[in-house]
Amino acid sequence: MVAHINTVAFAGIEAKPVDVQVQVSNGMAGFTIVGLPDKAVGESRERVRSALAAVGLALPPKRITVNLSPADLPKEGSHYDLPIALGLMAAMEVLDREDMAGLLALGELSLDGKISAVPGVLPAAIAASGLDLALVCPAAQGGEAAWAGDLDILAAPDLLSLVNHLKGSQILSRPEAALADMDGSLPDLRDIKGQELAKRALEIAAAGGHNLLMMGPPGSGKSMLAARLPSILPPLSAKEALEVSMVASVAGMLDGGAISRRRPFRSPHHSASMPALVGGGARAKPGEVSLAHMGVLFLDELPEFPRATLESLRQPIETGKAVVSRAMAHVTYPARFQLVAAMNPCRCGHLDDAALACARAPRCAADYQAKISGPLFDRIDLHIDVPAVSALDLTLPPPAEGSADVAKRVAAARTLQRDRFIAMGEPDLLTNAQADGDILARIARPDEAGRALLEKAIGQMRLSARGYHRILRVARTLADMDGAADIRHAHIAEALSFRRIAPAFNAV
């Protein structure tokens with residue numbers, strides 16, 4: 001007889017069902033796992049053997065075969081330990097085989113029988129709910145699994161308590177959905193003195209979900225401004241929080257199994273490789289662009305990133321997805337992030353200060369800025385210069401307006417956008433930055449004066465079609481911030497002012 005129990009294999013954030021088949025038969029003693037297991041799955045033999053010994057069970061001196069079906073789907077990770085152990089106990093008639101067939105299990109076993117946390121519990125719980133199966137997972141991740149909806153969840157701390165529950169001698173209580181604490185304070189805009197134009201650009205970027213590039217000398221406050229963007233962004237909706245948490249779950253980054261409604265803020269170092277940024281590696285793990293899904297990806301010292309790494313951002317920016325291609329599979333992760341980048345005007349950073357600039361200015365600026373390609377630069381909606389802060393500005397009292405005040409205006413603008421898209425039958429669109437094609441043509445219609453100004457700018461600024469559309473998106477956001485139904489001349493003019501191209505870009 002063959003015992004069956006269910007588990008999952010992960011392809012991106014999708015949990016694909018796997019049937020764990022365990023057979024104990026006569027023959028030479030051995031323990032074989034088949035079905036394209038990786039090294040971690042193959043090593044589960046010893047973990048399962050020791051965990052069963054910890055609960056007082058010894059493997060029979062027979063031939064044990066474990067088949068992970070479908071056989072052509074790669075199986076990776078240590079979460080197969082628990083379903084293999086439960087299937088083996090069912091095959092040994094310690095547990096009821098019919099009960100095992102109604103479970104979907106995942107978890108890593110310690111040598112003493114404890115069940116350790118593993119990545120991907122939330123997607124697995126959603127898959128179990130769709131298949132009408134009960135979920136067995138580590139106790140530390142029960143709060144994560146509870147967000148999947150109304151399904152039976154057995155969150156066990158160790159193998160012994162799980163066996164006792166299944167045999168009716170102990171009861172494991174259903175875990176409660178865990179929500180991460182959001183009381184921790186975020187950096188406040190009130191900390192920044194001066195830089196009013198940069199603060200205005202930051203508010204526009206937050207209101208419409210627009211990409212932003214800040215250029216200025218060292219110490220002008222670019223990183224400080226970027227770090228304060230999360231403080232003015234609205235919290236994640238329930239649907240958004242679930243999407244973000246599924247990516248974090250697959251990456252093994254849900255702290256304590258608790259879901260957060262705070263938007264992610266990712267700031268990778270400029271030495272990050274392409275797989276680290278867009279996803280990949282031996283197991284096609286999510287990269288920074290996916291970990292920043294529904295949040296902010298901040299790239300400081302933008303020209304210092306490898307050119308190929310920066311170019312790999314172009315597709316995720318446009319599509320909102322990161323596709324990792326491998327010989328055996330194509331894995332897609334969501335990557336609807338807001339790009340915020342900062343850079344110096346040149347390598348020394350003092351292009352506009354003759355006393356501090358290097359001897360190669362201005363040619364050094366052209367060489368430095370040329371590391372950013374035109375197509376990538378064109379995908380950024382807002383470009384601003386962040387000048388050095390004077391000593392006089394630093395002596396001023398803190399600004400009266402802080403992040404809480406700006407956040408209210410941003411929330412009002414985003415609510416207006418969301419209601420508009422829902423009324424248009426486009427509930428999946430959340431911000432103006434996502435509008436394209438016919439949707440953009442319907443929501444971004446300038447008045448006559450604004451249209452004339454935009455037509456003039458197309459020729460003078462040599463705008464591409466992408467640049468033209470991005471100006472319309474920013475203008476629509478500016479109109480929403482003013483509560484205006486139509487895009488006026490002033491909105492087009494301000495949107496164009498944030499589309500300035502640095503002289504060094506014209507020189508290369």
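This is a predicted model: local features need pLDDT of at least 70, side-chain atom pairs count only at pLDDT 80 or more; totals for chains, interfaces and linings use all residues.

User: What makes β1 and β2 a pair of strands?

Analyst: Two strands pair if at least two bridges are found between them. Strand β1 (residues 2–11) and strand β2 (residues 14–25) are joined over ten bridges, in the antiparallel sense, and therefore they count as paired. Two residues lie between the strands of this hairpin, where Gly12 takes a positive phi near 70°.

User: Which residues does Asn6 touch, and what makes its approach to Ala101 a polar contact?

Analyst: Asn6 has its place in strand β1. Leaving aside residues up to four places away in sequence, Asn6 touches Val18, Pro83, Ala101, Leu103, Leu104, Ala105 and Leu133. A polar atom of the Asn6 side chain lies 3.1 Å from the backbone oxygen of Ala101. A polar contact requires N or O atoms within 3.5 Å, so the pair at 3.1 Å qualifies.

User: Why is Gln369 called buried, and what does its side chain reach?

Analyst: Gln369 is found in helix α15 (residues 363–369). Buried means under 20% relative accessible area; Gln369 has 2% relative accessibility and is therefore buried. The side chain of Gln369 reaches the backbone oxygen of Pro345 at 2.8 Å.

User: How do you know which strands are at the edges of the open sheet?

Analyst: The open sheet has five strands with parallel pairing, in the order β11-β12-β15-β10-β16. The edge strands are β11 (265–266) and β16 (382–385), each of which pairs on one side only.

User: What makes β10 a partner of both β15 and β16?

Analyst: Four bridges join β10 (residues 212–215) to β15 (residues 338–343), and the two run parallel. Four bridges also join β10 to β16, again in parallel. Pairing asks for at least two bridges, so β10 pairs with β15 and with β16. Met214 stands opposite Ala342 in β15 and opposite Ile384 in β16. Leu213 stands opposite Ala341 in β15.

User: How do you know that both faces of β10 are covered?

Analyst: Side chains in a regular strand alternate between the two faces of the sheet. In β10, Leu212 and Met214 lie on one side and Leu213 and Met215 on the other, and all are buried. Helix α8 (residues 196–208) lies across β10, β15 and β16, running at about 165° to β16.

User: What makes the span of helix α10 close to the expected one?

Analyst: Helix α10 (residues 238–250) has 13 residues and reaches 18 Å from its first C-alpha to its last, which is close to the 18 Å expected at 1.5 Å a residue. The buried residues of α10 include Glu240, Ala241, Val244 and Met246. Among the elements covering the buried residues of α10 are α5 (121–130), α6 (142–145), α12 (288–291) and β14 (330–334). After α10 comes Gly252, with a positive phi near 70°.

Terms used: Residues are numbered from 1 along each chain as its sequence is written. Side-chain values use heavy atoms; hydrogens and water are left out. Contact means heavy atoms within 4.5 Å. Axes are lines fitted to C-alpha atoms, for helices over the stretch in contact, and angles run from 0 to 180 degrees between N-to-C directions. Buried means under 20% relative accessible area, exposed over 50%, partly exposed in between (1.4 Å probe, protein chains only). A polar contact is a pair of N or O atoms within 3.5 Å; within protein, one must be able to donate a hydrogen and the other to accept it, and residues adjacent in sequence count only if both atoms are side-chain atoms. The expected span of a helix is 1.5 Å times one less than its number of residues.
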